[in-house]
Amino acid sequence: MKLKKQVTVCGGAIFCVAVFSLYLMLDRVQHDPARRQNAGNFPRSQISVLQNRIEQLEQLLEENHQIISHIKDSVLELTDTGAVAPSGQLPFRSANGSWVLPFDGRPTFLSVMPQDCQFALGRRKDTELQMLDVYSLLNFDNVDGGVWKQGFEISYEPNEWDKEPLQVFVVPHSHNDPGWIKTFDKYYSDQTQHIFNNMLVKLAEDPRRKFIWSEISFLAKWWDSVDTQKQETMRKLILSGQLEIVTGGWVMTDEANVHYFAMIDQLIEGHQWLEKNIGVTPRSGWAVDPFGHSATMPYLLKRANLTSMLIQRVHYSIKKHLAFSRNLEFMWRQAWDTDSSTDIFCHMMPFYSYDVPHTCGPDPKICCQFDFKRLPGGRVNCPWKVPPRAVVEANVAERATLLLDQYRKKSKLFRSKVVLVPLGDDFRYDKALEWDQQYLNYQKLFDYMNSHPEMHVHAQFGTLTDYFNAIYKMNGVAQGARPPDYPVLSGDFFAYADREDHYWSGYYTSRPFYKNFDRVLESHLRGAEILYSLAVAHARHLGMEGRYPVSDYTFLTDARRSVGLFQIVLKIHLKVIINAAHFLILKNKDLYRFYQTEPFLETDDRRATQDSLPQRTLIELDPSPRYLVLFNPVEQERLCVVTVLVNTARVRVLTEDGQTLPAQLSAQWTSPSEMSPDGYQVSFMARLPALGLAVFHLYDSFDSPLTLRSDAALRLNGRGLTVRGVDPLPLRTLAADERRFYIHSQSLTLGFSGTTGLLEVRGTEHVDDPQEVRVQMEMLIYGTRPSKDKSGAYLFLPDGKAKPYTQKERPVVRVVEGPLFSEVVSHYQHFQLTVRINNVPGVDGLSLDITTLVDIRDQANKELAMRLVTDIQSKDTFFTDLNGFQIQPRRYFKKLPLQANFYPMPTMAYIQDTQYRLTLHTAQALGVASLDSGQLEVILDRRLMQDDNRGLGQGLKDNKRTANKFRILLERRAGASKVPKEDGPISFPSLLSHMTSAILNHEVLALPVVPKKRGVPPLRTFSPLSAALPCDIHLLNLRSIQGQQEHVPSPYTALILHRKGLDCSLEAQNPGFNCSTTQGRVSHSMVSSLSTVARSYSTCH
């Protein structure tokens, strides 16, 4: 009764205020002396303005009437049923027009221990080579170096090796892309299987022959196709050291766009396969084909117990600089490392490519003569017009002397008298003839060199680890230890240029549809891994192992391997998630029944094809409750807005225990100005347990007091479009108005251009921070240069600075406002840009949710970009992430071409000054730059009509309608906080920024329960954690380990945790849940609740 009185008084007050405001405005018009004097000749324009204002006031009265009606209905409903929101309050509008939403009343806190902030502020040892400093130092002038075009002339004294002979390790290899111009299966059937079959025969012919192999995906496919005798022969070759497995990943991973979850996942898959089938662990890393190299990779290899690594694709000017100072071999250290615990020995190949002409020495014309696959009569020849000659007794002395000269010159670029000479290329050694041509001719050369002491050389075939071991032995240090006087390097190697101004910064964005889809697949794979591990552990604990479909492990294994190859396997992931969720949410597990053809749950988002955008599943409601299960894949509790599609406007949302939740009803749109009659979106605020499954009820109810309608308004800007609303949702059209307009939430205020509909300012509703901050969106177009070399799938070669995106007609702008979210949708010819703010406490309500729906399929040689322009004084410094794992400071260099200043952005980029930091979070890898102070710019899509002559043989003409998703987070420096050095080598996101990235890349998965004729058994929320994880720790994966039997899990589970570094100098915000840090300590009870056994436990900053 007390609540009823409060609501009635509140409603009456709102009504009175509205009526009194109307009275004052009309009274002012009536009694204004100036207006009275001019009453006889009142201008028509002013009459029109007055008429418009009266209409607006009438509309305001109508809205107030609707609100009073809602309140009246709600009070009656409360009186009749006692159903209330969890807080016991109703949503209402504040003075500025924003909705005040009832909160569930649960107190939350944020507690970050000061010690957890010290890591970001701690001192680091200086490294001899910091890549930011190297970039500042170099001129990037590309002077002709003679036979080594990108280098310099190399000379030596003939007696340099008299006391210590040169050791030469020639390492045969074959780089096999698991899908490039051909598919994975086509490459395997045409070439790769023949490489393995020949390998067994040809390596066995001479124990001095060696070979290295990298891609386990191909090895596993071959292994499964051959008999046990061939498997045993292969095993013996590996165990004897003739064949070395290098890196051992499922693939040779990209390092620019990939997320570290995928990097680790494919590495574990490869290493697990090797351990099970061969019984070996790789010791050396081999990365000859990633287009630039990330500092994340050496860290992961070090943690995987590798001791050494090799890289190849680095900017030619950097190679030249490091070669000149003999720093091509170094200890690669993480910039944030406070000691030397992350150091790994790294060899950088000095020349243009990893093919034979560019590996024996500086002169490709000579080296090509020692690629014996190019002997006259073959299909491949030497571009320098001097073919190889078979080695015979008559020419062996001359051939050996010529080759040794190249070996000696190459060795002058390094600090030891050991030289590494890779011998191979893409898909080499697929013919038995090539094995004979290479091995027989080189053995003759080695035999001659080794039998002539006056040459002071010992040459042999070797593996990569043979080479590294010789380095360590010569320097008298253990494997992986730092040799004396070798430099320490920190930083990364982006952007990559192979010649001239040809920067491989275009592929950071190319095919963004699949980059977004890849991130979705990875999130679903992680979710499937976690739920499967939990379900199996619970089934074992309950003695129901035989009832739960452990066979799903087959699907999980296929999903892991397919994601490594980026094959579309969405249905496999979701199948595992659905089966595990079904088991975990049942109150009575004895009622669990597994039907392969009759799933218990369905997914909310569906794709008609792998090339289409997801569409929401229509949930059919009736007066009986329909279960909806929500999976939160994040390791922290989550308070967020969830949206589903239903068939009725009379929808009511209840929690598991029957409490009615506030909900917002909004339209589906079939066009910019037409609502769909086929369904309604219902959004509600949900609190979800960490890594848990929450159960909700939806049903069609005549009385839905807490389901409030969105208000939609169209700014048609003179466009003669059909406008169609759907009952009961109001739809208004507004006259053209160039003035800025706003949307509000309890935390944020956003201002938009009345002309373009694009964001202009971001403000806050906090009393102590009333000012607006400029965050202006601009849309831009890049063309490609008119010369012979043009942009393509890999290269970005623009025709100058970006030009503003323009179209003939002004955009249609749709504004939707409601209690749970408000959004502005701007419709342009080639893109649709949505800016949404969620009106909920905590992480979900503190950033701007941005979606760009891009379609440039009618364009030619155009690239669409989005630029954020702010007043932040960032100067020439900005920051991008490396693989979602760490932050790399960047600097804009005027001495470099525009395309050289773009960098990969897998998850975030930010700019900052002494007051603010603005972070652009992304749900897909894209290219990003900061070309001027206060700006961030991201390429959204590229359509290019030609190949860029890098081997792909095609342009980018297969564009799709692509939805790019972002979050914009603006944070303010805390008053007395210490601002990090602008030019320092390290930086960290804030805790809020880490959480924002997590919710963007791991969306809530809605799983409606499929209606059953025989009824649905009772369900309950599943919450796996007995204690909360510290909120600076990310659960990267909970991965069931493969057992000895094929496709059967072992009793063990890998628990992989990542402790994140924090920048605490930014103002802390309440995340909406209890959040604390514990100096990296994780309670045993939490670990035990996740799984019976945690085989792998990893923490890292």
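Student: How much space lies in the largest cavity?

Tutor: Rolling a probe the size of a water molecule over the atoms shows where empty space is left. Here the largest cavity holds about 410 Å³ of space. A cavity is a set of points, on a 1 Å grid over the protein atoms alone, where a 1.4 Å probe fits but cannot get out. Its volume is the space filled by probe spheres set on the points, which are joined across faces, edges and corners. This is a predicted model, where local features need pLDDT of at least 70, side-chain atom pairs count only at pLDDT 80 or more, and totals for chains, interfaces and linings use all residues. Residues are numbered from 1 along each chain as its sequence is written, and side-chain values use heavy atoms, with hydrogens and water left out.

Student: Which residues are the closest to the centre of the largest cavity?

Tutor: Lining residues have an atom within 4 Å of a point. There are 36 of them, and His259, Tyr260, Gly884, Phe885 and Lys1060 are the closest to the centre. The lining divides into 13 nonpolar, 17 polar and 6 charged residues. Nonpolar covers Ala, Val, Leu, Ile, Met, Phe, Trp, Tyr, Cys and Pro; charged covers Asp, Glu, Lys and Arg; the others, Gly among them, are polar.

Student: What is the volume of the second largest cavity, and which helix gives the most to its lining?

Tutor: The volume is about 220 Å³. Helix 19 gives the most to this lining, with 5 residues; helices are DSSP runs of H or I, at least four residues, numbered from the N terminus. By class, the lining of the second largest cavity has 12 nonpolar, 3 polar and 6 charged residues.

Definitions and conventions:
On a 1 Å grid over the protein atoms alone, a cavity is a set of points where a 1.4 Å probe fits but cannot get out, and a pocket is an open set with protein on both sides within 12 Å along at least five of seven lines; lining residues have an atom within 4 Å of a point. Helices (H or I, at least four residues) and strands (E, at least two) are DSSP runs, numbered from the N terminus.
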